[in-house]
Amino acid sequence: MSKTISFSLSESGIDSAIKALQEYKGEISRSSEDLVHQLSKTGADIAKDNVHRMDDRGTLGWVESAIDSETVERTGMRFIGGIVCHDEKAAFVEMGTGFIGAGHPHEIAVRLGWRYDINSHGAAGWWYPTTSSDPNPHKREIDGRLYAWTAGMPARPFMHDAYKNLKRDLKTTAKEVFAE
């Protein structure tokens with residue numbers, strides 16, 4: 001988005017140029033907000049699609065429904081947007097867990113300080129409280145309570161992959177938004 005503003009060196013010419021610059025500033029601000037909004041919405045849609053694609057057992061609908069986009073105006077022409085997942089347990093899906101997760105880690109796990117198999121269960125895994133609707137086939141009842149066995153799960157980076165897609169397409173998206 002570029003604009004040429006021509007004016008004469010007179011009081012009315014300078015006033016006209018100032019008005020044109022203020023209008024242009026408003027156009028840039030609106031386009032910037034539109035860009036952040038579009039990137040946030042597109043990113044949330046990509047993250048939801050990623051979850052759906054990675055959900056081989058049909059158990060991650062709760063993650064998909066917790067993903068949303070946010071656009072927040074800061075000051076002046078600065079806008080911050082985001083892709084959020086409103087369920088903190090989704091981090092375990094993103095990053096993976098346990099012995100299996102350690103064998104199939106998230107690409108930025110080390111940088112984030114994520115630790116796999118923190119209780120040193122190894123391949124022996126662990127039992128967790130569950131319900132009959134849990135698709136995990138390894139269940140048993142103990143003292144009237146249902147438990148399922150796991151050794152963890154691999155990373156399923158639905159958010160990080162959305163970020164990489166947005167980063168790859170940022171220039172193209174920005175050019176489209178600012179050309180409108």
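Residues are numbered from 1 along each chain as its sequence is written, and side-chain values use heavy atoms, with hydrogens and water left out. In this predicted model, local features need pLDDT of at least 70 and side-chain atom pairs count only at pLDDT 80 or more, whereas totals for chains, interfaces and linings use all residues.

The protein contains 6 helices and 6 strands, where helices (H or I, at least four residues) and strands (E, at least two) are DSSP runs numbered from the N terminus. Their order from the N terminus is α-α-β-β-α-α-α-β-β-β-β-α.

Along the principal axes, the C-alpha atoms occupy a box of roughly 90 × 30 × 25 Å. The radius of gyration is 24 Å, while a compact globule of 180 residues would have one near 16 Å (taken over C-alpha atoms; the rule is 2.2 Å times the number of residues to the power 0.38). Of the 180 residues, 34% count as buried (under 20% relative accessible area, with exposed over 50% and partly exposed in between; 1.4 Å probe, protein chains only).

Patch residues have over 30% relative accessible area and no salt bridge, with nonpolar side chains joined within 5 Å and like charges within 9 Å; a salt bridge is a side-chain nitrogen of Lys or Arg within 4 Å of a carboxyl oxygen of Asp or Glu. L9 lies in the segment before α1 (11–54) and counts as exposed because its relative accessibility is 81%.

A negative patch is formed by E33, D34, E73, E176 and E180. Within this group, E73 belongs to strand β1 (residues 67–73) and counts as partly exposed because its relative accessibility is 48%.

Terms used
Accessible areas come from the Shrake-Rupley method with a 1.4 Å probe; for residues, only the protein chains shown count as cover. Lys and Arg count as positive and Asp and Glu as negative; His and the chain ends are not counted. The place of a charge is taken as NZ of Lys, CZ of Arg, CG of Asp or CD of Glu.
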